[in-house]
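Let's explore a protein model together, one question at a time. Keep the picture in view as you read.

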Amino acid sequence: MSVRVGAAPVRALLLSLVTFFVVAGTATGCSGGDERPRVVVTTNILGDITREIVGDEADVSVLMKPNADPHSFGLSAVQAAELENADLVVYNGLGLEENVLRHVEAARASGVATFAAGEAADPLAFHTGEEGGPNDEAGEPDPHFWTDPDRVRKAAGLITDQVVEHVDGVNEKAVRDNAAHYDGQLADLTTWMEKSFATIPEGRRALVTNHHVFGYLADRFGFRVIGAVVPSGTTLASPSSSDLRSLTRAMEQAEVRTVFADSSQPTRLAEVLRQEMGGDVDVVPLYSESLTEKGEGADTYLRMMRANTSAMTEGLTRD
């Protein structure tokens, strides 16, 4: 006895099988058996640095979009899966990517090599007031190490070692040549920043920002951090009225009238401070925690740092 199967059920079965194999191939990252090695990076600043080092030797996937806030961005299910299918995950650490770290930890637990660049870059501690001043109090480690290009040089060298060690199939010489070229660009950046900042009179080398983000830059180039509108290292915190009063007094004592606000965030808090001080405050936007889209002024780490240096120098030398 034979059983005749209709054409419609056969087509449905074939479609189901095709769908299964396509989904399975996507989930495992297969592409005709020619899978390229992959590095996944959490923040776009570290993503740019890593791409300069890796070059064409592997795919570099960056999770954080341009102009995003590293303290608050989250991942889709597809991005979370990318972490667990990577050869190497590069992340900032020190609490920066607050909504992403659990996914990084899950990838590490599944056997993926991970590297915390901030933890390896001689981290500094946050200071709640002007360092050395009466209200100075050291707190948690500061994750914003990239504002010091010398620490970025150190981190870039360590990322290079991680890529060579953990990403199978890369050409070590090509990776190290890329890293050496980029190291020279970072060294040039440091020299240029030193010369630019040298034009700022000593008495004006004082910083007030939207939140504590430029501690490493201040430490490296000899600035005083007077305080921040948000007395925290994260944009997710909010200032109290007493915080604003304390900062206002500190600014008046230091004769500081310039506030640097993150260009990727609204300047509402800095505007509030302007009102507190009677309107005589300059609010200068800086690129502090995220790169921009291409062509918007800070689409690479090098361009971001040069743009910030120029804006800070102009803001602190303006009469």
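**Packing around a helix**

The buried residues of helix α2 pack against β1 (38-41), β2 (59-62), β3, α5, α6 (172-197) and α10 (301-317). This is a predicted model, where local features need pLDDT of at least 70, side-chain atom pairs count only at pLDDT 80 or more, and totals for chains, interfaces and linings use all residues. Residues are numbered from 1 along each chain as its sequence is written, and side-chain values use heavy atoms, leaving out hydrogens and water.

Q: How many residues of helix α2 are buried?
A: Helices (H or I, at least four residues) and strands (E, at least two) are DSSP runs, numbered from the N terminus. Buried means under 20% relative accessible area, exposed over 50%, and partly exposed in between (1.4 Å probe, protein chains only). Helix α2 spans residues 44-54 and is mostly covered, and of its eleven residues the buried ones number nine.

Q: Is threonine 160 buried or exposed?
A: Threonine 160 sits in helix α5, residues 149-166. Its relative accessible area is 3%, so threonine 160 is buried.

Q: Which residues does threonine 160 touch, not counting those up to four places away in sequence?
A: Contact means heavy atoms within 4.5 Å. With residues up to four places away in sequence set aside, threonine 160 touches Ile53, Val175, Arg176 and Ala179.

Q: In which sense do strands β3 and β4 pair?
A: Two strands pair if DSSP finds at least two bridges between them. Strand β3 (residues 88-91) and strand β4 (residues 113-116) have four bridges, and their sense is parallel.
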